[in-house]
Amino acid sequence: MPDGTTLAFDFGERRIGVAMGETLLGIAHPLTTIDTEITEQRFTAIGKLIEEWRPAQLVVGLPVHADGTEHDLTRLSRRFANRLKGRFGLPVWLVDERHTSLIAESLLNEAGVRGRKQKPALDQVAAQAILQTWFEQPGEAV
């Protein structure tokens with residue numbers, strides 16, 4: 001994996017959580033949530049983040065069932081990862097995101113953010129968990 005800044009995405013049909021981190025430190029931080037279903041608006045927002053943070057690579061969480069089998073959102077996440085690679089020309093990695101939403105909820109609970117207050121931060125904290133997982137065990141390259 002290249003050294004430098006890494007942006008990670010928790011892809012959803014409505015929202016995309018974004019986190020960032022540095023490979024040298026191996027620490028992920030929540031960044032933002034892109035809240036739109038309009039594809040062009042999503043990629044415009046991602047383009048601005050890429051311009052601002054100048055990442056060496058991108059990471060996309062790959063949702064699967066608890067037993068590892070794929071489902072509809074798995075296919076959509078792979079498509080999203082391929083579009084990122086094609087549009088921005090950066091290396092893109094996929095990482096198993098099983099249990100990252102539970103991790104995100106737990107982290108927010110520990111920070112005293114509960115109930116409805118979690119919703120605005122949940123996706124970006126899930127992206128943080130995805131990136132932290134990738135730092136510990138890189139997934140598959142797109």
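This is a predicted model: local features need pLDDT of at least 70, side-chain atom pairs count only at pLDDT 80 or more; totals for chains, interfaces and linings use all residues.
Let's begin with helix H1, residues 39–53, and helix H2, residues 72–88. Their axes lie 12 Å apart, and the helices pack at an angle of about 55 degrees. That angle makes H1 oblique to H2. The crossing of H1 past H2 is right-handed.

On the H1 side, the contact is made by Thr39, Glu40, Phe43, Ile46, Gly47 and Ile50, while H2 brings Phe80, Arg83, Leu84, Arg87 and Phe88.

## The largest core and its neighbour

The largest nonpolar core holds 21 residues, and Phe9, Ile46, Leu58, Val60, Phe80 and Leu84 have the most contacts inside it. Two or more residues come from each of strand E1 (5–10), strand E2 (15–22), H1, strand E4 (57–62), H2 and strand E5 (92–96).

Leaving aside residues up to four places away in sequence, leucine 58 touches Leu7, Phe9, Ile50, Leu84, Leu90, Pro91, Val92 and Trp93. There is also a second, separate core of nine residues, among them Val95, Leu131, Trp134 and Phe135.

## A closer look at leucine 131

Leucine 131 sits in helix H4, residues 119–136. Leucine 131 counts as buried because its relative accessibility is 0%.

Alanine 19 is 112 residues away from leucine 131 along the chain, yet their C-alpha atoms are separated by 7.1 Å. Beyond residues up to four places away in sequence, leucine 131 touches Thr6, Ala8, Ala19, Met20, Gly21, Ala28 and Val59.

How values were computed
Residues are numbered from 1 along each chain as its sequence is written. Side-chain values use heavy atoms; hydrogens and water are left out. Axes are lines fitted to C-alpha atoms, for helices over the stretch in contact, and angles run from 0 to 180 degrees between N-to-C directions. Helices (H or I, at least four residues) and strands (E, at least two) are DSSP runs, numbered from the N terminus. Angles under 35 degrees count as roughly parallel, over 145 as roughly antiparallel, 65 to 115 as roughly perpendicular and the rest as oblique. A crossing is left-handed if the near helix is turned anticlockwise from the far one by less than a right angle, and right-handed if clockwise. Contact means heavy atoms within 4.5 Å. A nonpolar core is a set of buried Ala, Val, Leu, Ile, Met, Phe, Trp, Tyr and Cys residues joined through side-chain atoms within 4.5 Å. Buried means under 20% relative accessible area, exposed over 50%, partly exposed in between (1.4 Å probe, protein chains only).
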